[in-house]
Amino acid sequence: IPLLDATRGLINEKRVQEVSARLGDRLRSAIGELEARILGPAVAPLYRIKGRFRMHLLVKTPGLEAILPALRKGVEAAPNDRTLQVHIDVDPVNLL
């Protein structure tokens, strides 16, 4: 099952949780009726690294190609500034 891991890194702990929750909602809306499941956001196993807080969103789907446009739409709606990073890893080997 292809897996998408969106990790957010911010210095402000409350903001990372709020923005991750909004991204999860946007992704759920964008995916809609497509065959996919979004898990999270959840605290990353290594929640804080070098003063930055991290959250994970996992997207489980039998086929990534069908949901890719919806995922792009959801992620593009994320805030874009110097304090926020969104990393997308398709089929991650390690979630640390």
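View 1. D25 is partly exposed, with a relative accessible area of 47% (partly exposed lies between buried, under 20%, and exposed, over 50%, using a 1.4 Å probe and protein chains only). Helices here are DSSP runs of H or I with at least four residues, strands are E runs of at least two, and both are numbered from the N terminus.

A quick note on the model: this is a predicted structure, in which local features need pLDDT of at least 70 and side-chain atom pairs count only at pLDDT 80 or more, while totals for chains, interfaces and linings use all residues. Residues are numbered from 1 along each chain as its sequence is written, and side-chain values use heavy atoms, leaving out hydrogens and water.

View 2. The closest N and O atoms of K14 and E18 are 4.0 Å apart. Helix α1 covers residues 13-31, and the pair is separated by about one helical turn because the two residues are four apart. K14 counts as exposed at 57% relative accessibility, whereas E18, at 39%, is partly exposed. A search of the whole structure finds two salt bridges.

View 3. Strand β2 (residues 37-49) pairs with strand β3 (residues 52-60) in the antiparallel sense, over seven bridges; pairing requires DSSP to find at least two bridges between the strands. Look for V43, which stands opposite M55 in β3. Two residues lie between the strands, and K50 takes a positive phi near 50°.

**View 4. Helix α2 bends at A70.** The bend is about 30°, taken as the angle between axes fitted to the seven residues ending there and the seven starting there. The 13 residues of α2 (residues 64-76) should span 18 Å at 1.5 Å a residue, and the end C-alpha atoms are 17 Å apart, which agrees; the expected span is 1.5 Å times one less than the number of residues. A70 is buried, and other buried residues of α2 include L64, I67 and L71.

**View 5. The whole protein follows the pattern β-α-β-β-α-β.** This order is read along the sequence, with two helices and four strands in total. Buried residues make up 36% of the 96 residues.

Note on methods:
Salt bridge = Lys/Arg side-chain N within 4 Å of Asp/Glu carboxyl O.
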